[in-house]
Amino acid sequence: MMKRLVPTFNRILVQRVIQPTKTESGILLPEKASSLNSGKVIAVGPGSRDKDGKLIPVSVKEGDTVLLPEYGGTQVKLGEKEYHLFRDEDVLGTLHED
């Protein structure tokens, strides 16, 4: 049975991107070389409400690559895959390729 997690409020479900440990030519990279902590947004909640009841949408969308804090988030395991739940304001930014 396949499970699907839909985040509530302003939460974001992220799958962390694992940086490669060696180059295409076979050179092993040290652990510290891949210090960029990023992840792919899998699902987003509808957003939160302000004091007047107006919906404040989440600032990222599914498929975005985001920069994450080193610590934080709630670890969630669905089947064999591991995900993390973050609040929208915990995400440091989005990453774009030039």
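Biologist: In this predicted model, is Asn 37 buried or exposed?

Modeller: Asn 37 has a relative accessibility of 18%. The cut-off for a buried residue is under 20%. Because its value is 18%, Asn 37 counts as buried.

Biologist: Which residue has a side chain joined to that of Asn 37 by a polar contact?

Modeller: Asn 37 is placed in the loop between β1 (11–16) and β2 (38–44). Beyond its neighbours within four places in sequence, Asn 37 is in contact with residues including Val 66, Leu 67 and Glu 70. The polar contact spans 2.8 Å, and the side chain at its other end belongs to Arg 16.

Biologist: Is Asp 88 buried or exposed?

Modeller: Asp 88 sits in the loop between β7 (81–87) and β8 (93–95). Its relative accessible area is 15%, and the limit for burial is under 20%. Asp 88 is therefore buried.

Biologist: What distance separates the C-alpha atoms of Asp 88 and Val 60?

Modeller: Leaving out residues up to four places away in sequence, Asp 88 touches several residues, among them Pro 57, Val 58, Ser 59 and Val 60. Asp 88 and Val 60 are 28 residues apart along the chain. Their C-alpha atoms are separated by 7.8 Å.

Biologist: Where does the phi angle of Phe 9 lie?

Modeller: Phe 9 belongs to the segment before β1 and is exposed, with a relative accessible area of 55%. This residue is not a glycine, yet its phi is positive. The value of phi for Phe 9 is near 50 degrees.

Definitions and conventions. Residues numbered from 1 in each chain as written. Predicted model: local features only at pLDDT ≥ 70, side-chain atom pairs only at ≥ 80, totals over all residues. Heavy atoms only, no water. Helix = DSSP H or I, 4+ residues; strand = E, 2+ residues; numbered from the N terminus. Buried < 20%, exposed > 50% of the residue type's maximum accessible area, 1.4 Å probe, protein only. Contact = heavy atoms within 4.5 Å. Polar contact = N/O pair within 3.5 Å; in protein donor to acceptor, adjacent residues only side chain to side chain.
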